[in-house]
Amino acid sequence: MNVKNHLILVVFGVVVLLAGATIGASAIQGGDAVERGRADFVEVGCYQCHGYQGQGGAGPRLAPDPISLENFMRIVRRPPNVMPAYSPAVVSEQQLERIHAYLESIPQPPDPSTLPILSGE
């Protein structure tokens, strides 16, 4: 292999590595937002009324299929019911965005008909 071909191969390898690192970093950051959102959900105390999975309890169900981010933020800031209002000093807009990302990440539960224990099998 001559020097020119070797240099082209090295440059190509570096480009592939950098592209992979960039894609990997984006995936980690997206996953990191969800994990941080879950931590914020617990730290702020949302779980106390809405359950750890947003399934509801004393407060309404938040997940799966949460309301839009815009409506979520509006309701957190000025709730229409007995929920206390959370000012930006208590929970930041960035935290609310992460909490919403966490709620969006919660999958639908399985169809009960697919669970052997419930179908009598």
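Where is proline 64 found?

1. Proline 64 is found in the loop between helix 2 (47-50) and helix 3 (69-77). Helices here are DSSP runs of H or I, at least four residues, numbered from the N terminus. The peptide bond from alanine 63 to proline 64 is cis. Its omega is near -5°.

2. A word on the basis. This is a predicted model, where local features need pLDDT of at least 70, side-chain atom pairs count only at pLDDT 80 or more, and totals for chains, interfaces and linings use all residues. Residues are numbered from 1 along each chain as its sequence is written, and side-chain values use heavy atoms, with hydrogens and water left out.

3. Aspartate 65 is in the loop between helix 2 and helix 3. Its phi is near 60°, a positive value in a residue other than glycine. Aspartate 65 counts as exposed, at 59% relative accessibility. Exposed means over 50% relative accessible area, buried under 20%, and partly exposed in between (1.4 Å probe, protein chains only).

4. Now helix 3. Phe72, Met73 and Val76 are buried there. Seen down the axis of helix 3, its buried residues fall within an arc of 95°, so they line one face of the helix. The arc is taken from the directions from the helix axis to the C-beta atoms. These buried residues pack against helix 4, with contact meaning heavy atoms within 4.5 Å.

5. Leucine 115 sits in the loop between helix 4 (93-105) and helix 5 (116-119). Leucine 115 is partly exposed, with a relative accessible area of 30%.

Conventions. Helices (H or I, at least four residues) and strands (E, at least two) are DSSP runs, numbered from the N terminus.
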